[in-house]
Amino acid sequence: MAKKYVNTTINGDQHELLCDATQTLLDILRDELDMTGTKEGCGTGDCGACSVTMDGVLVCSCLVMGVEANGKSIETIEGMADGDDLHPLQQKFIDHIALQCGICTPGLLIASKALLSENPDPTEEEIRYWLAGNLCRCTGYHKVIEAVQDAAREMRGA
Amino acid sequence: MGRAPSPFATKIPYEEKDLKIIGSNPTARGDAVDKVTGRARYASDISLPGQLVGRVLRSPHARADILSIDTSDAEALPGVKAVVCRDDFPDMEVEHAASGELMVNFRDVTRNMMARENVLYDGHPVAAVAATSDAVAKQAMKLIKVNYKVLPHVIDVRDAMKPDAPILHEDQFTKGVDPKPDKPSNVAARMESKLGDIEKGFEDAEIIIEREFNTKPVHQGYIEPQASIANYTEGGIAEVWTGTQGHFVFRAQIAKLLKMDLSKVKVIPTELGGGFGGKNNVYLEPLAVVLSKKSNRPVKMVMDRDEVFRATGPTSGTNVKVKMGCTKDGSITAAQAELNYQSGAYAGSSLPLATITVFTRYDLENVSVVGHDVTTNRPKVAAYRAPGAPMVAFGVETVVDEMAEACGLDPIEFRLKNAAKEGTQTHFGPQLGPIGYIQTLERAKAHPHMQEKLGPNQGRGVASGFWFTLGAETSATVNIGEDGTATLIFGTVDVTGGSRSAFAMIVAEELGIPFEKVRTMSGDTSALGFNFMTAGSRGTAAGSMAAVTASRKAIARMCEIAARKWEVEPDQVVWEDGRARPAGANVGDFEPMTVAELAKEASWFGGTIAGHAEINVAQGGPGFGTHVVDVDVDRRTGAVKILRYTLIQDAGKAVYPEFIEGQFQGGAVQGIGTALNEEYIYNDKGVLENPGFLDYRVPVASDVPFINTEIVEVPNPDHPYGIRGVGEVPIIPPLPAIANAIHDAVGIRLRDHPMSPPKVLKALKEQMIVEAAAQGTAAE
């Protein structure tokens, strides 16, 4: 099967690659570009561990074909911090112990960032429903919700 | 559990002292930055040059004999570098070993890893392939011809115990029955445990409640599927990177299964994406090693989610009968249980642990417990956070609720009246030492949660749980750098990221240096002596005993250096506030020396400073917890919503309190998932119908409220800082607490797990029929 040419921007950097028609965006990130920060928990869009944004829209990268990334701008966990400066969500996740094993954390952070860009002042219920697509088996979500609330406060300058 | 406690096991007496670091919440947790930036390396993130992709072909049948396996077409496919099946693995004799909280039998471990004579569950591995790409590996699997003779299967534990049930193992005769039975049985073992005189206990009872409960298997549901990468080199050395809860135990199992020397197997534990007991067993590792050996290339294997559900261990499905008696004023006089635990395809469920935990919250005189370990055509069960305990707590804690109601007592008062305490004789052997159970009940009673008003169809439930703290082999090294900073190499797997920081706090406390000056890192199997798994809530509790022991040896070495410099005897030097000091004025007038000063001079005075621990930690310091939950029951849909949740538990000493809260909250929410939604669903062919997160529904953020937590601290007397294990107790009470709350809300008693909407709705309808009939009778 002939490979397809894909030209995509990931965290601001342009990447050109040839990808198999059966490869997902997640496969491209992890297997072709060695960007393993995005995790695979299920491969069926149920767990949210592979969350990234594509042109600003939150998606499960396991449900996006690699060729669909052509001409798009992708943001992954690797692009969240600015050098040594963690994004407020990353810092608040650490401060609130919103992570334990950490496998769901990149997805939760990407999803939380997408939430706050749409809704800078979400209620607890809005956070819980927005993050309902991101499974976490360690924390029981308590400290995740607190971290997102606290980050939202800080980012609003409240 | 598994093994008898060693008389040479290490206990370090608890010492009350002012603590500078332990009990604080450090801001710089060792693992966190890498986890929020995506840089933490889990097993599937690791790649080696030239690696192949490994895949497992699995049985589509619940039970079948394997008549033949033909791999020739698969081997001929371009890009396929190795194919393995039963012929590539040596058969194993019956030999038992501890693998976490459960025991394994190598005869069965090899068969579970790769089927030999037969397949015994949907998902049972029958062959494995290594190929240049995933696509080629999948194509190759389609070319493997397995000739099966499909046989009748049995899924449910009660069906498997019937005399006419299909028998999984013709050579399995029920153990623990005298005389030895003459017919094979799915009941692998019968266990019995007794205290006092159960008959007299029931004679003394004024209220007797007898109930039967059934639970479905649930899965640990870690978000990271099993992943392993193996590199078998020409020198006959196997290196394995894997997600495991115990790399030393995995090394031992790989070596045993492949008949290799231990010294030729190196297991490197990667960051672990959740385990909860489910990563206590080898699945992919031996296959990856043999594929690597056969192909002369590194082989990486990652399970798909459906493979995780179909073929890695869930818990036991159970059938539990509980009969308890009490006096009218609420003193329990008798406690009896029959525990029927499904073990999956091979014997060895969590039954022994269930037997221990069943009634161990109460101070009882008369106890009788009988249990059966039952093989069925399901994946071999694995440990899952307090393995075996939630199911028996479902029975006992709801019967206790019924007894309290019958006595007209508040459920907490009833428990207080019967609570286990220091000196309580357990039915399984030891007397309990100082424990904090009563404190958890008192704190629950006083909690503001209890004052919250409940509306119509809302109810409140209470339940308690108990779990022990495992000890076992634990090794660690403290290295003092030339600059006076310390590095702890630990060999217990840090399953959630908390123990790394807890260990750093403990080493800093011991040495008297700042937390920031201690780095902790996991050592692979070549770095340390043997470490048992992180299981049985032992990670921080036992790991810290090794950290303390190693730190104290490093301190002794530093005192020796000071003695040499001061030209005095080592016993004339003491360690205080992070400094070596003369033991008294008569020793001489020497300026105390800090760790950094001693480290600088170490070379001259004999060499580098380090301390080692290779100890077997004594088991002890059990944990108790009490949960209170409020629910709202939707009478139209049967859906149960958790309104409020409060959890109080004895941690002995909370080294890292906010992290412990996180473990409490996580455990409670896993328990909520068990209670309300999670279950394995098999069709009539014995094929798992819900092997994915869409249909096996674990709790999501919108399903649960904030979980209130309180930590009780009753020090463990055998730990220098009083630490008890905390990880497992929180998952035990949710199932019965929610059942009790549902009863309080709408008056129904649910005894079939999970308490999902169809079950709740059915019970509500039955209640309406009963009530309507009663009204009809009254009208006549």
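**Entry 1: two prolines**

I began in the loop between α18 and α19 (757-779) of chain B, where P754(B) lies. Helices here are DSSP runs of H or I with at least four residues, strands are runs of E with at least two, and both are numbered from the N terminus. H753(B) and P754(B) are joined by a cis peptide bond, with omega about -10°. I found another cis bond between D178(B) and P179(B), where omega is about 0°. P179(B) sits in the loop between α5 (157-160) and β9 of chain B.

A note to myself on the source: this is a predicted model, where local features need pLDDT of at least 70, side-chain atom pairs count only at pLDDT 80 or more, and totals for chains, interfaces and linings use all residues. Residues are numbered from 1 along each chain as its sequence is written, while chains are lettered from A and ligands numbered from 1 in the order in which they are written.

**Entry 2: positive phi**

Most residues other than glycine have a negative phi, and most peptide bonds are trans. I looked up F276(B), whose phi is near 60°, in the loop between β13 (265-269) and α8 (285-295) of chain B. Is F276(B) buried or exposed? It counts as buried because it has 28 C-beta neighbours inside 10 Å. The cut-offs, with C-beta atoms placed from the backbone, are 20 or more others within 10 Å for buried, 12 or fewer for exposed, and partly exposed in between. A472(B) also has a positive phi, near 80°, and its place is in strand β19 (residues 472-480) of chain B. With 26 other C-beta atoms within 10 Å, A472(B) is buried.

**Entry 3: an open sheet and a helix across it**

Next I traced an open sheet of 5 strands in chain B, ordered β9-β17-β16-β15-β10, with mixed pairing. Strands pair if DSSP finds at least two bridges between them. β9 (187-195) and β10 (207-215) of chain B are the edge strands, each pairing on one side only. From one strand to the next, the twist averages 10°. β9(B) runs antiparallel to strand β17 (residues 367-375) of chain B, and 8 bridges join them. M191(B) has G371(B) as its bridge partner in β17(B).

What lies across β10, β15 (318-326) and β16 (332-344) of chain B? I found α11(B) there, running at about 150° to β10(B). Angles run from 0 to 180 degrees between N-to-C directions, and axes are lines fitted to C-alpha atoms, for helices over the stretch in contact.

**Entry 4: two helices crossing**

I followed α11 (residues 389-407) of chain B to helix α18 (residues 734-746) of chain B: their axes come within 7 Å and cross at roughly 35°. α11(B) brings P390(B), A393(B), F394(B), E397(B), T398(B) and D401(B) to the contact, and α18(B) brings L735(B), P736(B), A739(B) and N740(B). Contact means C-beta atoms, placed from the backbone, within 7 Å. These residues divide into 6 nonpolar, 2 polar and 2 charged. Ala, Val, Leu, Ile, Met, Phe, Trp, Tyr, Cys and Pro count as nonpolar, Asp, Glu, Lys and Arg as charged, and the others, Gly among them, as polar.

**Entry 5: where the chains meet**

How many residues does each chain give to the contact? Chain A gives 40 and chain B gives 45.

Note on methods: Two residues are in contact if their C-beta atoms, placed from the backbone, lie within 7 Å.
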